[in-house]
Amino acid sequence: KQAEEVESLKKCSVCKKPSTKRCGGCQQEYYCDTSCQKSHWKKHKSACKQRKGDYLPVSLVNDPDAVQYNFKSGKVNTCESDPTAKSHFVLKIQVPLMPGIDKMLVYNKNRSINGSISNLTDNGAKLDKVIRTKGYLGQKGYFNAVQENGQISVSPEILAPQTW
């Protein structure tokens, strides 16, 4: 049922058909094809620029604490991303559950991005607050992110829980 709810949110902003293609700028709007995207551009342009400007640059740290063991596959996951490639993806960020820990666990669906973000930095603290107030059980949140020229930036707008 949760998977159906998440998929129902992915509808073209123009015609409301199911869609998997997103705006290449803000990653927030869905479109079924380029004709719908082009017809919506005048209306979406200012919001797109605002949303792109709201993305928060973060420093992803690959450390021993960020290594994950996948019990289902038996694989150990570490950060192996290509920092020079431009890519858009969804990040899952989990706040620490124990007091005194200042690292939030971060990874994407296929675990090619995997590490931690300090919640002591300004942007880390902003994401921590969003997760604790709007996230799933106040513990984790899913966010659109972009990696460009070695820098990962995260949208502060929390997404619906994902099915992975």
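Biologist: How many aromatic pairs does a search of the whole structure find?

Modeller: In this predicted model, a search of the whole structure finds two aromatic pairs.

Biologist: Why is the pair of Tyr107 and Trp164 called edge-to-face?

Modeller: The ring centres of Tyr107 and Trp164 are 6.2 Å apart, which is within the 6.5 Å required for a pair, and their planes stand at 65°, which is over the 60 degrees required for edge-to-face. The pair links distant parts of the chain, since Tyr107 belongs to strand 7 (residues 103–108) and Trp164 to the segment after strand 10 (151–159), 57 residues apart.

Biologist: What makes Tyr107 count as buried, and why is Trp164 called partly exposed?

Modeller: Tyr107 has a relative accessibility of 6%, and buried means under 20%, so Tyr107 counts as buried. Trp164 has a relative accessible area of 24%, which falls between the 20% and 50% limits, so Trp164 is partly exposed.

Biologist: Why is the pair of Tyr142 and Trp164 edge-to-face?

Modeller: For Tyr142 and Trp164 the ring centres lie 5.4 Å apart and the planes are at 85°; with a distance limit of 6.5 Å and an angle limit of over 60 degrees, the pair is therefore edge-to-face. Tyr142 is in strand 9 (residues 140–148) and Trp164 in the segment after strand 10, so this pair ties together parts 22 residues apart in sequence.

Biologist: Which residues do ring pairs link into a cluster?

Modeller: The cluster linked by ring pairs holds Tyr107, Tyr142 and Trp164.

Key. Residues are numbered from 1 along each chain as its sequence is written. This is a predicted model: local features need pLDDT of at least 70, side-chain atom pairs count only at pLDDT 80 or more; totals for chains, interfaces and linings use all residues. Side-chain values use heavy atoms; hydrogens and water are left out. Rings of Phe, Tyr and Trp (its six-membered ring) pair if their centres lie within 6.5 Å; planes under 30 degrees apart count as stacked, over 60 as edge-to-face and the rest as tilted. Helices (H or I, at least four residues) and strands (E, at least two) are DSSP runs, numbered from the N terminus. Buried means under 20% relative accessible area, exposed over 50%, partly exposed in between (1.4 Å probe, protein chains only).
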